[in-house]
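Open the model in your viewer and keep the selection tool at hand. Each stop below says what to select and what is there.

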Amino acid sequence: MRKILVAPDSFKGSLTALEACKAMAIGIRRALPDAEIVEIPMADGGEGTVQSLVDATDGKVIEAEVVGPLGDPVTAKYGLLGNGKTAVIEMAEASGLGYVTEETKDPMVTTTYGTGQLILACLDQGIQEIIIGLGGSATNDGGAGMAQALGYQLIDKAGNEIGYGGGALADLATIKVDQVDKRLKTTHFIIASDVNNPLVGPEGASAVFGPQKGADEEMVASLDHNLQAFADIIQKDLGKSIADTPGAGAAGGLGGGFLAFTDAEMNKGIEMVLAYTKLKEAAVGCDLCLTGEGCIDFQTKFGKTPYGVAQAFKSVNPDKKVIALAGHVGKGIDELYTEGIEAVFGIAPGAASLDDLIANAKDNLASTTENIIRAIYS
């Protein structure tokens, strides 16, 4: 009997990782009805990480009303994993670009306060380990809003709490810790991010990511200056140096905020997901691995799900094949053939509109999988 590992990421806009697993399994069973299929929905720390880890561990998704990036109430989701001890948060659920438009996005005012509120919701559940995915931020406040939600007082020269956003950091004079939630001392944070940018400078949060959040050249300079001042005050009041730390610039400096205000460690997103889903253990004895996501191109080898899955699978089964499927196959995939992936297949059956491809993604993924399995095992 053939044993096949199925471990895709989501196909953005059309299929969750779990739905992609199910579609691949349908295709496999059409060709090999008796195959043993091991399904592990995957993610790399970005969008879909909560659902992937919840699905993979038989956990649950919980909703909470929090402050969105523009200060309005929004409904955000977080996950409790099946072990009952670990929670997972995507910061974009509370503070992401999905809550702003071209007209309203403004990193001078957007806040991570809602991300801090999601953390408090987890603490209220008795959780002492929290995984944080940092992708998709609409903010550039260095995690100041999150800190405020957790009880840190960010005080200006007049003795008042500063406002929201990267612009308000210009008013900061001191950080007070006497009202910080005491549960933070016993809570461990695992930061899932593949971004290595420092907090400030030409490769920092403001310069690299600020423009996509609505910052013009003048705003980028102000935001970078403010984050440097923020880092200096953190150094003075908290004794932590974050300005040049790799990864501190992730999510508008939220990476640095976690390093400053919590007990946090940085991890590559895919490596963290691989650990929690126990993919290597599941891969033992498998004859083949199928992975994939919405787009596969030259960027895939820089820590995206198909690359990470291939590396993990090959570490257990060096002589077995890994095949990746994608909604869109971009340039540079030949570089993957020396990185553990034997072949890459697009699932589009022919010319079609984007709407049609999204609507038919499940059937297209199942059909492509079926044909791959027939080619290998017929």
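For sorting lining residues, Ala, Val, Leu, Ile, Met, Phe, Trp, Tyr, Cys and Pro count as nonpolar, Asp, Glu, Lys and Arg as charged, and the others, Gly among them, as polar. Keep in mind that this is a predicted model.

**Stop 1: the cavity**

Select T111, D141, A144, G145, Q148, I162, G163, Y164, G165 and L169. These residues line the largest cavity. By the class rule, the lining divides into four nonpolar, five polar and one charged. How much space lies in the largest cavity? About 30 Å³. The count of cavities of 30 Å³ or more comes to one.

**Stop 2: a tilted pair of tyrosines**

Stay on Y164, one of the residues lining the cavity. How many aromatic pairs are there? The count comes to four. Y113 and Y164 form a tilted one, with 5.6 Å centre to centre and 45° between the planes. Now colour by sequence position. Y113 sits in helix 4 (residues 113–124). Y164 sits in the loop between strand 7 (153–156) and strand 8 (172–176). The two are 51 residues apart, and the pair links distant parts of the chain.

**Stop 3: a tilted pair of phenylalanines**

Select F189 and F258. Their ring centres are 5.7 Å apart and their planes stand at 45°, so this pair is tilted. F189 lies in strand 9 (residues 188–192) and F258 in helix 8 (residues 250–261), so the pair ties together parts 69 residues apart in sequence. Both F189 and F258 are buried.

**Stop 4: strand 9 and its neighbours**

Four of its five residues are buried, so the strand is mostly covered. Which strands pair with strand 9? One is strand 6 (residues 129–133), in the parallel sense over five bridges. Strand 10 (residues 263–267) also pairs with strand 9 in the parallel sense, again over five bridges. Pick I190 in strand 9 and look across: I131 stands opposite. Then pick I191, whose bridge partner in strand 10 is M266. For orientation while you look at the side chains: in a regular strand they alternate between the two faces of the sheet.

**Stop 5: the second largest pocket**

Select K268, I270, E271, Y307 and G308. Of the 17 residues that line the second largest pocket, these are the closest to its centre. The pocket has a volume of about 290 Å³. Helix 9 (269–277), helix 10 (279–283) and helix 11 (305–316) are the elements that give two or more residues to the lining. Which helix gives the largest share? Helix 11, with five residues. Colour the lining by residue class: seven are nonpolar, five polar and five charged.

**Stop 6: cysteines**

Select the cysteines. Zoom in on C286. C286 is buried, with a relative accessible area of 1%. Next, select C122. At 0% relative accessibility, C122 also counts as buried.

**Stop 7: two positive phi angles**

Finish with the backbone torsions. Select D58. Its phi is positive, about 60°, although D58 is not a glycine. D58 is found in the loop between helix 2 (49–57) and strand 3 (60–67). With 69% relative accessibility, D58 counts as exposed.

Now select A251. Phi of A251 is near 55°, a positive value in a residue other than glycine. The place of A251 is in helix 8, the helix that holds F258. Is A251 buried or exposed? At 10% relative accessibility, A251 counts as buried.

Terms used:
Residues numbered from 1 in each chain as written. Predicted model: local features only at pLDDT ≥ 70, side-chain atom pairs only at ≥ 80, totals over all residues. Heavy atoms only, no water. Phe/Tyr/Trp six-rings, centres within 6.5 Å; stacked < 30°, edge-to-face > 60°. Buried < 20%, exposed > 50% of the residue type's maximum accessible area, 1.4 Å probe, protein only. 1 Å grid on protein atoms, 1.4 Å probe; cavity = no way out; pocket = protein on both sides within 12 Å on 5 of 7 lines; lining within 4 Å. Points joined across faces, edges and corners; volume = space filled by probe spheres on them. Pairing = 2+ DSSP bridges.
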